Amino acid sequence: METVLVTGGRGASGRWVVDRLAGDYEVVVVDYEHPSLDADPAPRVSFRAADLADRGEALDVVHAVDPDAVVHWAAIPVAGTHPDGRVFETNVHAAKNVLDAAGRAGARIVQASSDGAYGFFFAEPTPLPDALPIAEDHPLRPEDPYGLSKVTAEAIAGAVARREGVPAVSIRPSWIQYPGDYPCRSDGYVGDLDAGAGNFWSYVDARDVADLVAAALAETAGSDPAAAPGTHEAVNCVAADNALGRPLLDLLRQSYGAVPDDCAVAEGDDRTAYGIAKAERLFGWKPSRSWREAAGEDVPEPTLLEG
């Protein structure tokens, strides 16, 4: 059985990724803190602690595990919670250290990027996209430290893939929601059009994110990989519909007063603003959850521990 090292695997979305992968791989979770020596990990899960922004610690832990693949999910996850410099430097240093180590180990790479890389959400004012749907080749124009750190991490992944001859995939989720806990369906969000305008009312279920991570790992492991050795692919990861369940073009006209001239979205379609065809083409992935069912689901959160 292959070994996958997952950084940030104890985080809010990372634990769903680990839970999904633990059925197919031996998963080593690396976070800043260890859950404790008395913790009883779930089957095929183990824990290590490391400061991944410290180059020596990152290189040491990846070398010690010698994984077949690395899923780099650790990051300060949003702007505004920490000083700008800390957000950028922590995320970039961790990505540089972990991905360099993964490349040296010959490990396949999947990492968390973000729709924040496009630069819409934190821009003032939020610009309309150049085209709809927003495909992965849309220009990346972040103004905030978080989005800029993700653009840099993607560039690092590309450099490592080329230099070391490993495949690398950067996944760009939109606002991640959890079964039974969908802030994008709260009264305050649904009742305020501006609340979701910065990312065009997009969202994604954590289980769909985990499924895409698994699909990217599985496909790159084959004899004819979708992400070929030496290449880097970025893919959007969003739900098929928007969080308000209303026609996307109507929402844009009401919020922005216009739609992009280059628009392939049909009138009346309540779809997401982001294109998801590339992930399906490369990895056979389609989002299977919608707020219509998942917002009220009662699904236990993975603990990654026994009992």
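Where does P125 lie? In this predicted model, P125 is placed in the loop between β5 and β6 (131-132). The legends below treat this site and several others.

Figure 1. For context, most peptide bonds are trans.

**Figure 2. Helix α3 and its buried residues.** The buried residues of the helix are V87, N91, V92, A94, A95, N97, V98, L99, D100, A101, A102 and G103. These buried residues pack against the strands β1 (3-7), β4 (69-72) and β5, and also against the helices α2 (55-65) and α4. Just after α3, G106 takes a positive phi of about 70°.

**Figure 3. The largest cavity, with residues of α3, β5 and α4 in its lining.** A search of the whole structure finds one cavity of 30 Å³ or more, and the largest cavity holds about 60 Å³ of space. Its lining consists of H72, A74, A75, N91, V92, A95, Q111, A112, S149, K150 and A153. At least two lining residues come from each of α3 (84-104), β5 (108-112) and α4 (145-164). By class, the lining has six nonpolar, four polar and one charged residues. N91, V92 and A95 of the lining are also among the buried residues of α3.

**Figure 4. The largest pocket, with a lining of 43 residues.** About 1,200 Å³ of space lies in this pocket. The lining residues closest to the pocket centre are A75, I76, P77, V78 and Y146. β2 (26-31), α3 and α4 each supply at least two residues of the lining. By class, the lining of the pocket has 25 nonpolar, twelve polar and six charged residues. A75 lines the largest cavity and is also among the residues closest to the centre of the largest pocket.

**Figure 5. Cysteine residues C184 and C263.** A disulfide is a covalent bond between the sulfur atoms of two cysteines. The structure holds zero disulfides. C184 is in no disulfide, and the nearest cysteine sulfur, that of C237, is 14 Å away. C184 counts as buried because its relative accessibility is 0%. C263, in contrast, is partly exposed, with a relative accessible area of 28%.

**Figure 6. S36 and L304, two residues other than glycine with positive phi.** Most residues other than glycine have a negative phi. Phi of S36 is near 125°, and S36 is placed in the loop between β2 and β3 (45-49). S36 is partly exposed, with a relative accessible area of 32%. Phi of L304 is near 65°, and L304 is found in the segment after α9 (291-294). L304 is buried, with a relative accessible area of 6%.

Conventions
Residues numbered from 1 in each chain as written. Predicted model: local features only at pLDDT ≥ 70, side-chain atom pairs only at ≥ 80, totals over all residues. Heavy atoms only, no water. 1 Å grid on protein atoms, 1.4 Å probe; cavity = no way out; pocket = protein on both sides within 12 Å on 5 of 7 lines; lining within 4 Å. Points joined across faces, edges and corners; volume = space filled by probe spheres on them. Helix = DSSP H or I, 4+ residues; strand = E, 2+ residues; numbered from the N terminus. Nonpolar A, V, L, I, M, F, W, Y, C, P; charged D, E, K, R; others polar. Buried < 20%, exposed > 50% of the residue type's maximum accessible area, 1.4 Å probe, protein only. Contact = heavy atoms within 4.5 Å. Disulfide = S-S within 2.5 Å.
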